[in-house]
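Keep the sequence and the 3D view open while you go through the points.

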Amino acid sequence: MSGDPAARLKAEVGAMKLDWLVEDREGRVPAPLPLPDDEVLRRYEALYSGAISDVLREHRLMDQALPHRIQPLRAETRCAAGFAFTVKSQPHTLVTGEMTLRSAMLEAMGAGHFVVWDCSGAEDSTAWGGVMTAAAKARGVRGAAIDGGARDIRQIMDADFPLFCRFRHPNAALGRAMLSHFQVPLRIGGVFIHPGDIVAGDMDGVIVVPRALAIPVLRRAEEILGIECDIFGWIEQGDSVAEISAKGGYF
């Protein structure tokens, strides 16, 4: 067997017939959307996560919501939406290289991104804080969902930055956890998140829309909002359940 690591990997992938898996997980390049990015995100932010979930169910996607352990920092959080910028870290005792990779990650973040961070179960440290919030917001990042901890809560709240996280803790990550990857596919709970997917979060939680379905899901969710507006109007005017159902309403 060749001593070249790339050659060994290629041989292993071929022997185990993993080409399809590598292509599916690592070969996706975010395709351009038929609408301007700003318009797409603005229209998603006029929706709510429940309506998006209902549309994804119509597409036979039943598990696109991040686990309920990831909660909004502010209970009254309105819908924030962006394109997934993925980050992976894990508990670790090493320090060398962390700041270099962290700087590269921040430089790669840009306008319209929504950070999704998998902390690999870290419990004694935080991935997000006040300085990270300031740096991300300055670069146009629209929100962050951290499957892990956050600190500097007052600074984050004062910045009015949409943050979703699993817990609060005073410990920083340096010396306790280490960044390993960014802009790679993640799996959090049963949800796969690819860079460029639509991520939307509100007071009900965070949901992920595969990029290939971004526009059809958006349009159908907007249609649902119109239908629900009619239903609320029928209820307010005193229509019976039977009358509302006859008009195509639901409960």
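1. **Ground rules.** A contact means heavy atoms within 4.5 Å. This is a predicted model, in which local features need pLDDT of at least 70 and side-chain atom pairs count only at pLDDT 80 or more, while totals for chains, interfaces and linings use all residues. Residues are numbered from 1 along each chain as its sequence is written, and side-chain values use heavy atoms, with hydrogens and water left out.

2. **Overall build.** The chain holds nine helices and eleven strands. These are DSSP runs numbered from the N terminus: helices are H or I with at least four residues, strands are E with at least two. The C-alpha trace spans about 75 × 50 × 30 Å along its principal axes. Take the contacts in the chain with a separation of 6 or more: 75% of them link residues 24 or more positions apart.

3. Buried means under 20% relative accessible area, exposed over 50%, and partly exposed in between (1.4 Å probe, protein chains only). Of the 251 residues, 42% are buried.

4. **The largest core.** In soluble globular proteins, nonpolar side chains tend to be buried together. A nonpolar core here is a set of buried Ala, Val, Leu, Ile, Met, Phe, Trp, Tyr and Cys residues joined through side-chain atoms within 4.5 Å. The largest one has 25 residues. Met105, Met109, Val115, Trp117, Trp128, Ile146 and Leu163 touch the most other members. Elements giving two or more residues to this core include strand 2 (80–91), helix 5 (98–108) and strand 5 (143–150). A second, separate core has 23 residues, among them Leu33, Tyr44, Ala214 and Ala221.

5. **Val115 up close.** Which residues does Val115 touch, not counting those up to four places away in sequence? They are Phe85, Val87, Met109, Trp128, Val141, Gly143, Ala144 and Ala145.

6. **Cysteines.** A disulfide is a covalent bond between the sulfur atoms of two cysteines. The test used is a pair of cysteine sulfur atoms within 2.5 Å. By this rule there are zero disulfides. Cys119 is in none; its nearest cysteine sulfur, that of Cys165, is 9.8 Å away. Cys119 is buried at 4% relative accessibility, and Cys165 is buried at 6%.

7. Asp147 lies in strand 5 and is buried, at 6%. Its side chain makes a polar contact of 2.9 Å with that of Arg69. Lys88 sits in strand 2 and is partly exposed, at 25%. The side chains of Lys88 and Asp118 make a polar contact of 2.7 Å.

8. **The annotated site.** UniProt lists Asp152 under "binding site", in an unreviewed entry. Positions follow the numbering used here, feature names are shortened, and annotations may be inferred rather than shown by experiment. Asp152 is in the loop between strand 5 and helix 7. Asp152 is partly exposed, at 28%. Beyond its neighbours within four places in sequence, Asp152 is in contact with Gly129 and Gly130.

Key:
Polar contact = N/O pair within 3.5 Å; in protein donor to acceptor, adjacent residues only side chain to side chain.
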